[in-house]
Amino acid sequence: MAVDMRLPTVRKEISLAGAYSSTDGKHLVVPGDVITSDIGFMRGHGTYMDDEKLTASVAGEVERVNKLICVRPLKTRYNGEVGDVIVGRITEVQQKRWKVETNSRLDSVLLLSSVNLPGGELRRRCAEDELAMRDYLQEGDLISAEVQSVFSDGALSLHTRSLKYGKLGQGVLVQVSPSLVKRQKTHFHNLPCGASIILGNNGFIWLYPTPGQQDEEAGGYFTSLELVPLPDREVISRLRNCILALAAHKVLLYDTTVLYCYESSLLHQIKDILKPETMDEIVMLTRQRLLEQEG
């Protein structure tokens, strides 16, 4: 019978001098910390007044806009902004709209008028379209979308009026904290390792095989059900474990960090990446490469 034994080894010495220099100038607080005793500041989210002192009520980073002081928590539900790219799951089909789980406090809304019709038709939605809503998207489907607006209660209104958005096919969903996903100009990346990634601002990350020629007539609803080759599945599994390793060490997630971590993990088997000692080594090598790139 095979036995998996893990023996201690000598760890490589990696210099991380200045690794946390990016946090210089940031004011991190925990609940109960006094932010300021100056009465000239306005109280924002994550703060309260105690004996005429502005005090933090959550753990996070202090942000100041003119005279307004608030604390942005390090771990929280997703707070959407207009233009954010999100990955979500359909939870309910309602009248002329879908409810979408996006890791926020309230379910988001995707209106029937905010999606592309199959074939890319541009016309008013009619009763026939409303009856055929489950032919487009049904409960349990994963979608990529963009935040179109934010309602007064904080709920998000989504749209998929672009061929890069729509229903997602075969792939792997990874959930991390929304605060770990770096905001960039584009959140859709075709990685050179042979897989593609959608980094949702809401902490939902979608890994899938890099598609070939996309059928524009499908209008974002066509999903390939062909068997994914074993090498592609191994690449996606390795990327998934790398993302979980980076998230466990609170490393900001964007295309460069994911790719560096993937390349650092090639010396190990996929199943070994999430072992604590292997995870530490891979993340340390990734941080070292990021420092060399910045330096």
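**A quick tour of the model**

Four strands make up an open sheet in the order β1-β6-β7-β3, with mixed pairing. Within it, β1 (28-29) and β3 (42-43) sit at the edges with a single partner strand each, so one side of each has no neighbour in the sheet. This is a predicted model, in which local features need pLDDT of at least 70 and side-chain atom pairs count only at pLDDT 80 or more, while totals for chains, interfaces and linings use all residues. Residues are numbered from 1 along each chain as its sequence is written, and side-chain values use heavy atoms, leaving out hydrogens and water.

**Strands and pairing**

- Helices (H or I, at least four residues) and strands (E, at least two) are DSSP runs, numbered from the N terminus.
- Two strands pair if DSSP finds at least two bridges between them.

- Six of the six residues of strand β17 (residues 204-209) are buried, so the rest of the structure largely encloses it; buried means under 20% relative accessible area, exposed over 50%, and partly exposed in between (1.4 Å probe, protein chains only).
- Phe204, Trp206 and Tyr208 point one way from β17, while Ile205, Leu207 and Pro209 point the other way.
- Strand β14 (residues 172-175) is antiparallel to β17, with four bridges between them, and Val172 has Leu207 as its bridge partner.
- Strand β16 (residues 195-199) pairs with β17 over five bridges, again in the antiparallel sense, and Leu207 is the bridge partner of Ile197.
- β16 and β17 form a hairpin with four residues between them, and Gly203 in the turn has a positive phi of about 90°.

**Helix α3**

- Helix α3 (residues 230-248) has 19 residues and reaches 27 Å from its first C-alpha to its last, close to the 27 Å expected at 1.5 Å a residue (1.5 Å times one less than its number of residues).
- Its buried residues include Val235, Ile236, Arg238 and Leu239.
- The buried residues of α3 pack against β14, β16, β17, α4 (255-264) and α5 (276-294), where contact means heavy atoms within 4.5 Å.
- After α3 comes Lys250, with a positive phi near 60°.
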